Amino acid sequence: MDQQIVTVLVLAGTYALFSLGLTLAWGVLDVLNIAHGAMMMFGGFSAYWVSERVDLPWPALIALGMLVSGSLTALMDATVFATIRRAASDARQIEILTLIAGVGVAGIPLTLAEASTHDTPFGIPSIRPAVYHVGGVSFSAAQVAVAVLGIGLTIALAIALVRTRQGRALRALAFDRETSQLMGLNPWLLGTATMFVAGALAGLAGVLLMLRLGGIAPNSGEILLLKGFAIVILGGVGSVWGTLLASIFLAVAETVVVQYTSGTWTDGISFVVIIVVLIVRPQGFLGKNLTERV
Amino acid sequence: MNSWYYDNLLNVQTALLYIPLVLGVQISIRAGIFSLAPVGFFAAAAYAGAAMALHGWSIALATIVPVLASLVIASFMAPIIASLRGLYLGLVTFAMALLVGVIATNGGELTGGSLGLFAVPLGTSTLELVLTAVFFLAAAWRIERSSIGRIVAALDYSEELTSSVGVDVPRMRSIIFVLSCGCGATSGVLYVLTLASISPTVASFGTVISVLTMAIVGGIGRWYGAPIGIIFVTWLPIVLSSVGTYRNLVEGAVLALVAMYAPSGIAGLVHRAAEVVSPRLWGVIRRPAPFVGANSMAVLDSESRKEGEF
């Protein structure tokens, strides 16, 4: 039972870390970044790729993964998504085209990783996280990192959004882009910075996932992406506290389901969550009123 | 020609069987209903047909029953998702489509689990596939030029305006939704007829993406966008076989570029080129049928023509 709690915490942390970037992009910038999963994977992949050639300590590799994912995401937003925002005629077309373009862009890091690893899992075997045993429960350093960072960063971000100037700026941007420009904010700079942070968080999630599991596969991003959507929707788009609650909820639900069934149903939970929430209560746990959007 | 045909038989047949599905997805998105439910029904109908055939049902029944059942089920689904719009409808239907895959993987004996079903006693000829494809394409063409086609375009532009000219918008949306699911189901039974096997990959992330690519890259505004998109997705890997593993990268890049610079797809690009090359000839043969998000008030009147519309 105690071991289960560790499992749930670690899973919740992983999901929270991953979904944080997604909810930032979606809530603040109205960008449904389907390439988020691929960026996460690519963060892990670049850490692996570099570690194969250069001997770097693990903090540097984590920073590298974050930098790569962050820059790629910011670049993608500044080139692909910005072009669509400029060229499209209305909000709905922007949404659909952003979705499609995201799918396309996601294929690029995916293919690069597949080609380099011949579509097999990759990891950094030389970095083996220490394992601890406390009172009958065992956990590894990587698991601790994921749980602490995932849940901690989410809480920190939730508080920062309310308490800091930058946080208020982001919320203003999410609320009304034009007026925030009038107030002296630079939406493009803020937007690109937000996408960079979202991408960096994805990269962090990717490297930590790779270290925790021992390896990830090029298509690991796909699976997490759908769970990320479920979490963002369940928590309420744009609400960071909601993301935390939903991550914990999904982690608990999956752990319970694995307990009683064979585990092939776990992906189905996210799908059911998406369907039920959007039909019954589209704003999720803590989202703002979405009746016009939905 | 003969040897090319036999060498590429599977590709030709696969391209043909996808036509109803892509047409269904296209007409749905064209009406502003971003629904990926046809893909879910594609998978479900294929599994149903396969399971039926393996349990001794006749070919006729195994083909017709899944399609009819899909139409019925879709009409029950329609009111549930009636209030959803845009991206959220897309997400829900996406989740539904993948849920079919999860159920299929856990279906045990009936669905063959993660390996799927093989040696299904069904079969069809290329001629039958061609006839079906031609039927659907002709239907799409007719619909485009009829009042239904204009309603579809009008719905995409503005539901309030369409409602204000007397169209029963919720009913039209339901009808379009159900029809598109029926198209998906038809492709599903064609799939299992052609390949005599099925596996959960038909309801995977990759399949949904492929279908979306086919629908968008070809050109969503017209009936001939579907065949163009299908040929693009089916034949690109062969043309790019020298590129090998980087095929997905090229497909992805093309998709992104299309979304950025040519949202009306290849068909749209051809139109724009034709307009430039020969405006007079073009004016004679063109018919108005706006693409996704086109702003045109003349949508409900097929005789008039606005600049920028194709």
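Tutor: Lys227(A) has 9% relative accessibility and therefore counts as buried (buried is under 20% relative accessible area, exposed over 50%, partly exposed in between, with a 1.4 Å probe and protein chains only). This is a predicted model, in which local features need pLDDT of at least 70 and side-chain atom pairs count only at pLDDT 80 or more, while totals for chains, interfaces and linings use all residues. Residues are numbered from 1 along each chain as its sequence is written, chains are lettered from A and ligands numbered from 1 in the order written, and side-chain values use heavy atoms, without hydrogens and water.

Student: Which residue forms a salt bridge with Lys227(A) at 3.7 Å?

Tutor: Asp267(A), with 3.7 Å between the closest N and O atoms. A salt bridge here is a side-chain nitrogen of Lys or Arg within 4 Å of a carboxyl oxygen of Asp or Glu.

Student: What does the Lys227(A) and Asp267(A) pair tie together?

Tutor: Lys227(A) is in helix H9 of chain A and Asp267(A) in helix H11 (residues 266–280) of chain A, so the pair links parts 40 residues apart in sequence. Helices are DSSP runs of H or I with at least four residues, strands are E runs of at least two, and both are numbered from the N terminus.

Student: And Glu254(A), buried or exposed?

Tutor: Buried, at 4% relative accessibility. Glu254(A) also forms a salt bridge with Lys227(A), at 3.2 Å between the closest N and O atoms. Glu254(A) lies in helix H10 (residues 240–260) of chain A and Lys227(A) in helix H9 (residues 220–235), so this pair ties together parts 27 residues apart in sequence.

Student: How many salt bridges over all chains?

Tutor: Six, from a search of the whole structure. One of them joins Glu144(B) and Arg30(B), with the closest N and O atoms 3.5 Å apart.

Student: Different topic. Which residues have the most contacts inside the largest nonpolar core?

Tutor: Trp26(A), Phe229(A), Tyr18(B) and Phe177(B), in a core of 184 residues. Helix H1 (residues 2–29) of chain A gives the most to this core, with 15 residues. A nonpolar core is a set of buried Ala, Val, Leu, Ile, Met, Phe, Trp, Tyr and Cys residues joined through side-chain atoms within 4.5 Å.

Student: What is Phe229(A) in contact with?

Tutor: Leaving aside neighbours within four places in sequence, Phe229(A) contacts Leu22(A), Trp26(A), Leu32(A), Ile34(A), Ile274(A) and Leu91(B). Contact means heavy atoms within 4.5 Å.
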